Amino acid sequence: MASVELRNISKRFENGTWAVKDIALTIEDGELVVLVGSSGCGKSTLLRLLAGLENASEGEILIDGKKVNQQTPQQRNVAMVFQNYALYPHMTVRGNLEFPLHMSHTAKDQIKARVGEIADMLQLSEIMDRRPGQLSGGQRQRVAMGRALVRDPSVFLLDEPLSNLDASLRAQIRAEISRIQKRLKTTSLYVTHDQVEAMTLGDRVVVLDHGELQQIGTPQELYQHPKNSFVAKFIGSPGMNILPSELIDRGDGRLGVNLGGQQISLVLERQAYEKLVPYSGQDVYTGIRPEAFACAPRQASFELKANVEAVEFIGHETLAYLSLPGAGQVHTDQLSIARLPGQFNKPNADAAVFYIKPEALYFFNQAGRNILIEGTGDR
Ligand SMILES: Nc1ncnc2c1ncn2[C@@H]1O[C@H](COP(=O)(O)OP(=O)(O)O)[C@@H](O)[C@H]1O
Ligand SMILES: [Mg+2]
């Protein structure tokens, strides 16, 4: 068991790519942190730096308070599970699980006890004599985890370990990983491109984009208080709608927002008002979560007229793709999405009316920063 600290870690490859830029991050002893971001954003590079498979160009890596930059992967006692599992094909499940212990010259009876324990925990006891080629994807995945955990590593690193599995198996093994991690309390860093996986698995989630850390927080913090429009769009399924808009001073001591020609009066608490006032008369981005749209008025909700361009019925809910009437020609990737319960039919009329609670609105400045949480520290 160990804590992990990355102090301003950067990695520049020889071809000039800065894969990881100035990452500062602490993982507490026993914590499971999930690192999430799109393909190519530097997730695997960061894991490999921590494992000792790459050297950092800048910064320090500490495990349990000790600097490990110069240590080999073995010395760091870090175990990694790769996306393709990398099992030894000619060895049985037992052979694969025993291998790391043979390498570290563990005594025979200890190997037997430890492998038995891990096999029990991962439900592998029945298939110990099979080879990887005779296993299902889910079983291979569990063997890969077992082989990593059998050495009792200080830090457990998982690089998109579920991406080769189908959706239902992914959900099941995700729950298993969470159970095992909570039981063993091994400090873990789990990498995925899938924000749902990140939100359901992580004690805390780190959002990465182009090698840069965007935000660290609990799933709730990232969803409710995204620091910038990247995180707002990335977290949630679908993510937050971000609409070009203008903040206006209504002259009656209140602010409003102009969304494609529709003026909405804002009801704001003092603190929010003071943060937004400097932006009045300026272009900002207004954020609305898909789940903030409703078809019927609710207390204090405001109306937003929108053209329904398409609907997707998916059983318990319908996704409606919307354009604002005043916004002119909009590309399909600029449509807003409303998430409505049950079945919603495309109206015959040009525009439908939706009802939105004012507190569901977010505001981002031109640089994409969340105006309402600016200056409130590292939330
Ligand atoms: N060995 C390497 N040499 C040069 N560039 C690399 C190397 N490995 C990764 N990269 C680049 O670094 C960036 C991050 O890659 P990676 O960490 O694999 O991303 P992710 O795991 O998030 O998909 C990408 O632009 C990738 O092309
Ligand atoms: Mg990767």
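Me: How far does a backbone N or O atom of glycine 40 lie from an oxygen atom of ligand 1?

Reply: This is a predicted model, in which local features need pLDDT of at least 70 and side-chain atom pairs count only at pLDDT 80 or more, while totals for chains, interfaces and linings use all residues. Residues are numbered from 1 along each chain as its sequence is written, chains are lettered from A and ligands numbered from 1 in the order in which they are written, and side-chain values use heavy atoms, with hydrogens and water left out. A polar contact is a pair of N or O atoms within 3.5 Å (within protein, one must be able to donate a hydrogen and the other to accept it, and residues adjacent in sequence count only if both atoms are side-chain atoms). For the backbone of glycine 40 and an oxygen atom of ligand 1, the distance is 2.6 Å.

Me: What percentage of the accessible area of ligand 1 does the protein cover?

Reply: Accessible areas come from the Shrake-Rupley method with a 1.4 Å probe (for residues, only the protein chains shown count as cover). On its own, ligand 1 has 560 Å² of such area.

Me: Which element gives the most to the shell around ligand 1?

Reply: A residue is near a molecule or strand if one of its heavy atoms lies within 4 Å of it, and the residues around ligand 1 include Phe13, Asn15, Ser38, Lys43, Ser44 and Thr45. By class (Ala, Val, Leu, Ile, Met, Phe, Trp, Tyr, Cys and Pro are nonpolar, Asp, Glu, Lys and Arg charged, and the others, Gly among them, polar), the shell has three nonpolar, eight polar and one charged residues. Elements are DSSP runs numbered from the N terminus: helices (H or I) of at least four residues and strands (E) of at least two. With three residues, the element that gives the most is helix 1 (residues 43-51).

Me: What is the volume of the largest pocket?

Reply: On a 1 Å grid over the protein atoms alone, a cavity is a set of points where a 1.4 Å probe fits but cannot get out, and a pocket is an open set with protein on both sides within 12 Å along at least five of seven lines; lining residues have an atom within 4 Å of a point. Grid points are joined across faces, edges and corners, and a volume is the space filled by probe spheres set on the points. For the largest pocket this gives about 690 Å³.

Me: Which domains each give at least three residues to the lining of the largest pocket?

Reply: The lining has 27 residues, and those closest to the centre are Glu359, Ala360, Leu361, Tyr362 and Leu372. Helix 8 (219-224), helix 10 (270-276) and strand 20 (361-364) each give two or more of the lining residues. Domain bounds come from an automatic or database domain assignment. The domains asked for are domain 1 (4-233) and domain 2 (241-373).

Me: Which element gives the most to the lining of the second largest pocket?

Reply: This pocket, of about 570 Å³, is lined by 19 residues, with Gln74, Val78, Ala79, Met80 and Arg151 nearest its centre. The lining has 16 nonpolar, one polar and two charged residues. With four residues, the element that gives the most is strand 6.

Me: Which helix provides the largest share of the lining of the largest cavity?

Reply: There are two cavities of 30 Å³ or more, and the largest holds about 40 Å³. Its lining divides into seven nonpolar, two polar and no charged residues. Helix 5, strand 7 (155-159) and helix 6 (167-184) each give two or more residues. The largest share, three residues, comes from helix 6.

Me: What is the phi of glutamate 160?

Reply: Most residues other than glycine have a negative phi, and most peptide bonds are trans. Glutamate 160 sits in the loop between strand 7 and helix 6. Although not a glycine, glutamate 160 has a positive phi of about 45°.
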